[in-house]
Amino acid sequence: MAFNSKMCSVCKGRKLLCGKSKCSILEKLRAFEDIKKKFDKKLNKTEIFGASPPSIFVGEYNYPNIRIGPLVPPIEGDTSFMDSPLKWEDKSIKAIIKYRSMLVMGETISNVNINKQKENKYNKYNLSDNNINNRTMESIQELAMSLKPVDSEITLKKKPNFNISHSGFAPPISPKGDLLKFVVAENPKIPKKSDYVVNDELKAVDSIISLYNYGGFDEYYIVKLMSAGLLGIDKKLVPTRWSITGVQDTIGKYLRDKIIDYPLINDYEVYYGELLGNNYTILLMPDYYAYELMEVWQKGSLFGDSGSSGVPIVLGDYEDLKVKGYAKETTGAFYASRLSIMEYLVKRKRQCKIVVFREITPDYYAPVGVWQIRSGVKKSFNNQYFKYNTLQEALNKISELVKTPIEKYKLKSKILTKSRQMRIEEIINII
């Protein structure tokens with residue numbers, strides 16, 4: 001989270017000098033205190049037993065020797081709500097932080113090449129019995145394959161460090177401690193389809209698409225399989241952050257290849273939606289495929305930066321069928337947004353040019369992951385939309401919906417400023 005020691009020490013969360021609607025530091029502490037009061041006796045110990053949602057986390061620091069571990073809450077029963085991002089649309093940021101504060105991560109170190117984890121030099125805890133490490137990895141992988149919560153127990157070296165950390169890609173990471181032992185206390189509910197894909201000689205891309213097309217699995221289930229080193233021919237652990245982007249990008253490309261064979265939409269369409277302090281305005285244009293995401297972190301928002309001009313900076317990334325490459329400015333948001341749009345267009349069996357305007361307000365005071373972008377864009381398509389005959393009419397409407405001047409977006413945009421060849425239908429209408 002953004003932190004200014006001088007400003008924060010003067011403000012102390014009371015004056016909101018940073019411009020945010022809430023103090024992210026105090027909100028996090030309040031969430032911690034609520035959880036501590038309710039579960040202090042169950043959390044403040046080295047052995048945690050409960051139903052994992054199921055959930056695992058794989059870090060990226062010090063790659064290829066990275067941290068991996070299961071996440072287990074001190075409660076039993078249906079805990080799936082703690083790790084189901086696509087079901088959090090009606091939840092507050094504070095509620096999401098609370099869910100994650102209840103999940104204790106027991107972390108250990110492994111080389112991404114799972115076979116090398118047998119070598120003790122990759123395990124900072126120096127487990128002397130290789131069989132324990134092997135069993136732990138197998139248990140973590142079984143947990144990742146389960147569709148339903150699994151009763152589990154973690155034994156930690158010390159009591160968990162009750163400090164939650166945030167990532168712009170994944171949901172907040174829970175309290176954690178050094179893992180000594182992990183035991184799955186019941187048989188995980190593993191779908192036959194997952195078991196088949198994991199044990200088949202399929203490339204990772206083919207595995208992802210196969211699971212997606214099968215239905216019944218959202219991409220975050222597939223993300224867990226990929227992170228746990230269960231997909232692909234040369235199986236390796238994949239950091240959760242990379243897995244999220246990789247899975248969403250793979251599915252998005254697959255759907256994109258479908259829509260380019262569909263007919264164009266007929267009008268300029270404008271959609272609008274809001275989620276957790278993020279505002280989404282989406283423009284669909286009757287033209288051949290290209291996609292652009294532009295985003296603005298408004299003044300007072302988590303990563304807001306107005307620059308020397310005092311006007312918020314517009315970030316953006318673009319692709320068409322020729323221009324490709326990793327989204328350097330909007331990063332994971334680019335692929336999360338694209339996936340929701342591709343699903344919508346496949347459902348309509350139409351293709352178009354796409355421009356997304358994402359504006360992040362001070363109400364988004366703590367990052368909860370790119371799932372909210374995925375859900376926010378998806379939610380926008382469920383709202384009433386506007387249709388126009390010309391691009392200018394559509395831009396006039398968009399200028400009413402966005403807070404940043406439309407001219408700032410035009411200066412950044414490749415789609416809005418690129419000269420467009422007239423389609424035959426338009427030429428006929430003019431004649």
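Lys 397 is buried, with a relative accessible area of 16%; buried here means under 20%, exposed means over 50%, and partly exposed lies in between, using a 1.4 Å probe and protein chains only. Before going on: this is a predicted model, where local features need pLDDT of at least 70 and side-chain atom pairs count only at pLDDT 80 or more, while totals for chains, interfaces and linings use all residues. Residues are numbered from 1 along each chain as its sequence is written, and side-chain values use heavy atoms, with hydrogens and water left out.

Back to Lys 397. Its side chain meets that of Glu 400 in a salt bridge, 3.4 Å from N to O. The term means a side-chain nitrogen of Lys or Arg within 4 Å of a carboxyl oxygen of Asp or Glu. Both residues sit in helix H11, residues 391-401, and being 3 residues apart they are separated by about one helical turn. Helices (H or I, at least four residues) and strands (E, at least two) are DSSP runs, numbered from the N terminus. Glu 400 counts as exposed, at 59% relative accessibility.

How many salt bridges does a search of the whole structure find? The search gives 16.

Lys 412 and Glu 329 form a salt bridge at 3.1 Å, N to O. Lys 412 belongs to helix H12 (residues 406-412), and Glu 329 to the loop between strand S10 (314-320) and helix H9 (332-348), 83 residues apart. Lys 412 is partly exposed at 28%, and Glu 329 is partly exposed at 34%.

Lys 387 also forms a salt bridge, with Asp 267, the closest N and O atoms being 3.9 Å apart. This pair, too, links distant parts of the chain, 120 residues apart: Lys 387 is in strand S12 (386-388), Asp 267 in the loop between helix H8 (240-259) and strand S7 (268-275). Lys 387 is exposed, at 52%.

There is a network of salt bridges as well, linking Asp 249, Lys 253, Arg 256, Glu 319 and Arg 338.

Last, helix packing. The axes of H9 and helix H10 (residues 371-380) come within 8 Å and cross at roughly 35 degrees. Axes are lines fitted to C-alpha atoms, for helices over the stretch in contact, with angles from 0 to 180 degrees between N-to-C directions. Contact means heavy atoms within 4.5 Å. Among the residues making the contact are Ala 333, Leu 339 and Glu 343 of H9, and Ile 373 and Arg 374 of H10.
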